[in-house]
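This note is intended for a colleague who is meeting the structure below for the first time.

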Amino acid sequence: MPSIHGLDLSPKEVEEWFKALPSEKMTKLHFYFHDTVTAKNPSAIQIAQANITFQSPTGFGLLRMMDNPLTVKPEPNSEIIGRAQGIYGSASFEDIGLLMTLNLVFTTGNYNGSTLSILGHNQILHEYREMPIVGGSGIFRLARGIATAKTYQADNITQNAIVEYHVVVLHY
């Protein structure tokens, strides 16, 4: 049987796990998200745009697919602890607001093989942006919580950015 962190993933065992739910835990995470759009090896690539995207002051309709590294420190050569994998798109005619749908996929340490799922609105020009954690897997089964993002560094010309994340998540 496939397993993650010693958890059997078969439907019968998942049902048994639900029946014996342990006490809920709270976990706090801190990391940096590196969104590299223009480089020799970009981590986010444009996959679609609307006919009006480049006439829109907010870039409405632009979609990018990402596989961004998550690091311990803001430096690009810092230790990688996972990847942010998903899609973001410009979803507002009135302000620069992104629809973010992504999985935080942890690849090292205690959370290796576990994920957290984010689905939310990201107004990137605001100092702090709060996005909901809507689920998870592995250690983070049935997760819910908040991911708070703050831009650490951004370049308007290259559109590359480093974003600091503080995550508080409840899980079993």
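1. A salt bridge is here a side-chain nitrogen of Lys or Arg within 4 Å of a carboxyl oxygen of Asp or Glu. The model is predicted, and it holds five salt bridges.

2. Within helix 1, Lys-19 and Glu-15 are four residues apart, about one turn of the helix. They form a salt bridge whose closest N and O atoms are 3.5 Å apart. Lys-19 is exposed, at 60% relative accessibility, and Glu-15 is partly exposed, at 45%.

3. Arg-144 forms a salt bridge with Glu-24, with 2.3 Å between the closest N and O atoms. Because Arg-144 lies in strand 10 and Glu-24 in the loop between helix 1 and strand 3, the pair ties together parts that are 120 residues apart in sequence. Arg-144 is partly exposed, with a relative accessible area of 41%; Glu-24 is also partly exposed, at 35%.

4. A further salt bridge joins the side chains of Lys-150 and Glu-127 (3.5 Å, N to O). This pair links strand 10 to the loop between strand 8 and strand 9, 23 residues apart.

5. Asn-122, in strand 8, is buried, at 4% relative accessibility. The side chain of Asn-122 makes a polar contact of 2.9 Å with the side chain of Arg-129. Beyond its sequence neighbours within four places, Asn-122 is in contact with residues including Ile-96, Leu-98 and Met-131.

6. On the surface, Phe-18, Leu-21 and Leu-142 form a nonpolar patch with about 240 Å² of accessible area together. Leu-21 is in the loop between helix 1 and strand 3 and is partly exposed, at 33%.

Conventions. Residues are numbered from 1 along each chain as its sequence is written. This is a predicted model: local features need pLDDT of at least 70, side-chain atom pairs count only at pLDDT 80 or more; totals for chains, interfaces and linings use all residues. Side-chain values use heavy atoms; hydrogens and water are left out. Patches are made of residues with over 30% relative accessible area and no salt bridge: like charges are joined within 9 Å, nonpolar side chains (Val, Leu, Ile, Met, Phe, Trp, Tyr) within 5 Å. Accessible areas come from the Shrake-Rupley method with a 1.4 Å probe; for residues, only the protein chains shown count as cover. Helices (H or I, at least four residues) and strands (E, at least two) are DSSP runs, numbered from the N terminus. Buried means under 20% relative accessible area, exposed over 50%, partly exposed in between (1.4 Å probe, protein chains only). A polar contact is a pair of N or O atoms within 3.5 Å; within protein, one must be able to donate a hydrogen and the other to accept it, and residues adjacent in sequence count only if both atoms are side-chain atoms. Contact means heavy atoms within 4.5 Å.
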